[in-house]
Amino acid sequence: MEESSKGRRVIHIGLPPLSEEELIEIGELAQETVLKRIFGALNRGDVKDVDVTTRINLGDTLDLEVEAYLEVPVFVKADVEKLVEEALEEAYSVVERRLREIAGKG
């Protein structure tokens, strides 16, 4: 039996208009941060499946949604749920810092 976890969180940040390139950068930054955190804690061979998805909706506010799915074999001793949650928290922190830089508030 494998252990897996899926996490999801949405934050709202008001910002000036962002270019398409900046929006792509934000999504990639979130994904890279989650993967870096996961593979910083686990060896690649310990990961059976990993998927990170980002969605950005731009209206009156910028809505960033990051989802992460991680599955490891049963013999891997890891708190998968905690790891996913920590990776998501780190991703949101990194993205928030970057958005503040873009907005000139950082």
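A search of the whole structure finds nine salt bridges, a salt bridge being a side-chain nitrogen of Lys or Arg within 4 Å of a carboxyl oxygen of Asp or Glu. The structure is a predicted model, in which local features need pLDDT of at least 70 and side-chain atom pairs count only at pLDDT 80 or more, whereas totals for chains, interfaces and linings use all residues. Residues are numbered from 1 along each chain as its sequence is written, and side-chain values use heavy atoms, with hydrogens and water left out.

Side chains of opposite charge can pair when their charged atoms come close. One of the salt bridges joins the side chains of Arg37 and Glu90, with an N to O distance of 3.4 Å. This pair links distant parts of the chain, since Arg37 belongs to helix α1 and Glu90 to helix α2, 53 residues apart; helices (H or I, at least four residues) and strands (E, at least two) are DSSP runs, numbered from the N terminus. Arg37 is partly exposed at 28% relative accessibility, and Glu90 is partly exposed at 34%, where buried means under 20% relative accessible area, exposed over 50%, and partly exposed in between (1.4 Å probe, protein chains only).

Through salt bridges that share partners, Arg37, Lys82, Glu86 and Glu90 are joined into one network.

Lys48 forms a salt bridge with Glu71, the closest N and O atoms being separated by 3.8 Å. Lys48 lies in the loop between α1 and β2 (49-58) and Glu71 in strand β3 (residues 62-72), so this pair ties together parts that are 23 residues apart in sequence. Lys48 is partly exposed at 48% relative accessibility, whereas Glu71, at 14%, counts as buried.

Two packed helices are described by the angle between their axes and the distance between the axes. Helix α1 (residues 20-41) packs with helix α2 (residues 80-103) at an angle of about 145 degrees, the axes lying 8 Å apart; axes are lines fitted to C-alpha atoms, for helices over the stretch in contact, and angles run from 0 to 180 degrees between N-to-C directions. The residues of the contact of α1 with α2 divide into 14 nonpolar, one polar and six charged, with Ala, Val, Leu, Ile, Met, Phe, Trp, Tyr, Cys and Pro counted as nonpolar, Asp, Glu, Lys and Arg as charged, and the others, Gly among them, as polar. The residues of α1 that meet α2 include Ala30, Thr33 and Arg37, and those of α2 include Glu90, Ala91, Val94 and Val95, contact meaning heavy atoms within 4.5 Å.

Within helix α1, Ala30 is buried, with a relative accessible area of 0%. Leaving aside its neighbours within four places in sequence, Ala30 is in contact with Thr54, Val66, Ala91 and Val95. The C-alpha atoms of Ala30 and Tyr92 are separated by 6.9 Å, although these residues are 62 residues apart along the chain. Thr33, also placed in helix α1, counts as buried at 9% relative accessibility. Apart from its neighbours within four places in sequence, Thr33 is in contact with Glu90, Ala91 and Val94.
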